[in-house]
Number of protein chains: 2
Amino acid sequence: MRIVVLAGGIGGARFLRGLKQAAPDAEITVVGNTGDDIHLFGLKVCPDLDTVMYTLGGGIDEEKGWGRTGETWSVKEELAAYGVGPDWFGLGDRDFATHIVRTQMLAAGYPLSAVTEALCARWRPGVRLIPMSDDRVETHVLIDSPDGSGRKAVHFQEYWVRHRASMPAHAVLPVGADRAAPAPGVLEAIGAADVVLFPPSNPVVSIGTILAVPGIREAIADAAVPVVGLSPVVGGAPVRGMADKVLAAVGVESTAAAVARHYGSGLLDGWLVDTADAASAAEVEEAGIRCRAVPLMMTDTDATARMAQEALDLAEEVRA
Amino acid sequence: MRIVVLAGGIGGARFLRGLKQAAPDAEITVVGNTGDDIHLFGLKVCPDLDTVMYTLGGGIDEEKGWGRTGETWSVKEELAAYGVGPDWFGLGDRDFATHIVRTQMLAAGYPLSAVTEALCARWRPGVRLIPMSDDRVETHVLIDSPDGSGRKAVHFQEYWVRHRASMPAHAVLPVGADRAAPAPGVLEAIGAADVVLFPPSNPVVSIGTILAVPGIREAIADAAVPVVGLSPVVGGAPVRGMADKVLAAVGVESTAAAVARHYGSGLLDGWLVDTADAASAAEVEEAGIRCRAVPLMMTDTDATARMAQEALDLAEEVRA
């Protein structure tokens with residue numbers, strides 16, 4: 001079975017770990033969000049790609065969900081001593097090495113997809129990890145200027161990590177997405193897939209950004225295979241992160257049913273909501289999307305594998 | 001008193017620490033060798049400048065004489081895990097931060113002299129540290145090809161650090177020196193100096209490279225001030241490092257007197273040899289260079305300060 005998964009960071013990575021357990025023989029291609037990529041200290045940082053790579057490769061800091069296990073922080077201390085910022089983004093020493101290798105390869109002329117493949121040669125994540133695009137896409141968030149002078153766009157990481165999404169987001173702008181092309185292999189993988197899954201990643205800044213790359217949404221919609229998603233919203237609030245803030249920016253309520261309608265029946269064939277949201281299943285089905293209510297808390301890999309199996313089962317149901 | 005010192009790495013840095021103690025009120029300008037600079041992992045590394053900066057700023061690993069105290073090695077471990085080399089150059093995590101800041105500033109368009117000043121704003125070395133040039137100069141060493149197919153040029157660091165100078169050096173090539181200009185402030189400092197000192201640094205690859213930048217040798221020779229050097233060779237062998245190998249490449253014997261003659265009376269007014277080499281003082285004086293034999297072992301800062309004082313005393317003697 002060939003499965004294509006669109007993935008953001010922590011949520012996507014943890015879901016993938018469950019999916020690998022549920023479908024150990026499947027060929028899994030992960031199309032990773034790069035809209036949250038950022039240049040820091042002259043280095044190219046790809047937080048979502050790295051979270052997937054580290055999580056599936058056994059190098060993740062399990063407690064934080066991002067960054068490396070056994071991490072040290074000497075470089076960050078020194079940068080602070082030099083007065084060189086930003087200081088709000090957590091880059092550990094081991095993590096820095098990844099960005100140093102990536103930046104050096106990019107400077108040598110390799111596209112991000114080739115660099116990601118090279119990094120994965122070490123991590124052996126057990127999936128094929130492809131960035132959504134080799135072109136630069138950078139998600140910006142429109143907020144009120146702190147000085148009251150109007151609105152300004154800040155990098156997604158600044159909004160998310162620095163400001164903890166503590167102010168309203170008026171718009172989410174995937175800068176460059178309209179001119180980006182899918183990375184080599186992305187459309188081919190979608191075209192050859194038996195099923196496409198949307199993990200419980202952020203529907204706006206993770207999966208939404210991937211879908212904003214011209215050609216990807218169309219390829220998924222046109223593929224004659226089941227497309228099944230898992231709700232990142234449970235009981236009216238995101239399970240993790242601050243997805244409600246960016247959902248509001250695109251005019252979508254923070255409910256499991258509203259997220260399904262946001263993707264739409266033109267894209268989505270099946271949708272899993274948490275048992276806490278079982279009452280909303282009818283609303284999703286009315287929108288033309290088959291819906292099941294199952295436990296959606298990724299408390300451990302076994303629970304996550306059961307979620308992944310439910311998604312695959314729903315895909316089979318849709319297919320039949 | 002205004003003192004200009006041409007400095008390489010460990011020897012120059014330790015001498016400077018003694019000089020600062022011997023002449024606490026002097027304005028000291030250090031013209032640093034950049035011929036051993038190297039690009040590693042996409043980062044600009046300036047080993048000699050950093051050794052001076054760390055040593056005088058209190059950040060040096062005293063035992064090794066290079067690199068940072070309290071160093072950690074996570075980045076290096078990770079680069080090795082990625083299979084990305086070279087693995088023979090010792091870059092610690094704290095040290096990496098310096099190169100990251102430097103590379104970012106250079107990429108932003110600042111010349112190396114401005115970058116060095118910015119880095120020194122943190123370290124406060126108590127001297128003005130200027131790279132010999134803002135232009136790229138890279139010392140290469142001509143060696144026999146390991147496969148016997150002839151000769152090949154390798155980067156100085158490869159010869160020195162990787163191969164521990166274990167094979168003959170047929171030539172030392174300061175690539176780019178002939179097209180390099182002295183960095184802003186170098187010629188002005190020499191022109192305004194009361195004395196110019198050559199510490200017991202490597203006369204070929206450290207001080208020799210600085211003197212190879214067009215204009216610097218001439219400025220020193222033309223300055224009507226005493227120029228005094230300290231022999232890095234004691235008892236027929238370099239006190240530290242492998243200077244004998246590169247001295248042989250330029251046809252100079254590894255003796256205190258031969259090094260003095262190599263600099264020549266057109267440049268050098270005074271020369272300090274170790275008491276072990278007292279017998280060679282006459283030979284140096286015959287070459288037109290005033291010579292004194294004093295203890296030249298930099299065993300600690302006090303001993304080094306006495307050496308620096310001897311150099312300043314000899315300068316006064318020359319002046320009078």
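A salt bridge is a side-chain nitrogen of Lys or Arg within 4 Å of a carboxyl oxygen of Asp or Glu. The legends below describe a predicted model.

**View 1. A salt bridge joins R68(B) and E78(A).** The side chains of these two residues meet at 2.7 Å, N to O. Between chain B and chain A the count is eight salt bridges. Polar contacts also cross the interface of chain B and chain A: 14 residue pairs.

**View 2. Four helices of chain B line up against chain A.** Two or more residues each come from α2 (47-57), α3 (74-81), α4 (93-107) and α5 (112-123) of chain B. The largest share, eight residues, belongs to α4(B). By class, this side of chain B has 15 nonpolar, five polar and six charged residues.

**View 3. Chain B and chain A bury about 2,200 Å² between them.** The size of an interface is often given as the accessible area lost when the parts come together. Carbon and sulfur atoms carry 61% of the buried area. In chain B, E78(B), Y82(B) and R122(B) lose the most area to chain A. Together they make up 30% of what that side buries. In contact are 26 residues of chain B and 26 residues of chain A.

**View 4. A cis peptide bond joins G85(B) and P86(B).** Omega is about 5°. P86(B) sits in the loop between α3 and α4 of chain B. In chain A, the peptide bond from G85(A) to P86(A) is cis, with omega near 5°. P86(A) lies in the loop between α3 (74-81) and α4 (93-107) of chain A.

**View 5. F41(B) has a positive phi, near 55°.** This residue is not a glycine. F41(B) is in the loop between β3 (38-40) and β4 (43-45) of chain B. Its relative accessible area is 7%, so F41(B) is buried.

**View 6. R124(B) has a positive phi, near 45°.** R124(B) is likewise a residue other than glycine. Its place is the loop between α5 and β5 (128-131) of chain B. With a relative accessible area of 66%, R124(B) is exposed.

Definitions and conventions. Residues numbered from 1 in each chain as written. Chains lettered and ligands numbered in written order. Predicted model: local features only at pLDDT ≥ 70, side-chain atom pairs only at ≥ 80, totals over all residues. Heavy atoms only, no water. Contact = heavy atoms within 4.5 Å. Buried area = accessible area lost by both parts, 1.4 Å probe. Polar contact = N/O pair within 3.5 Å; in protein donor to acceptor, adjacent residues only side chain to side chain. Nonpolar A, V, L, I, M, F, W, Y, C, P; charged D, E, K, R; others polar. Buried < 20%, exposed > 50% of the residue type's maximum accessible area, 1.4 Å probe, protein only.
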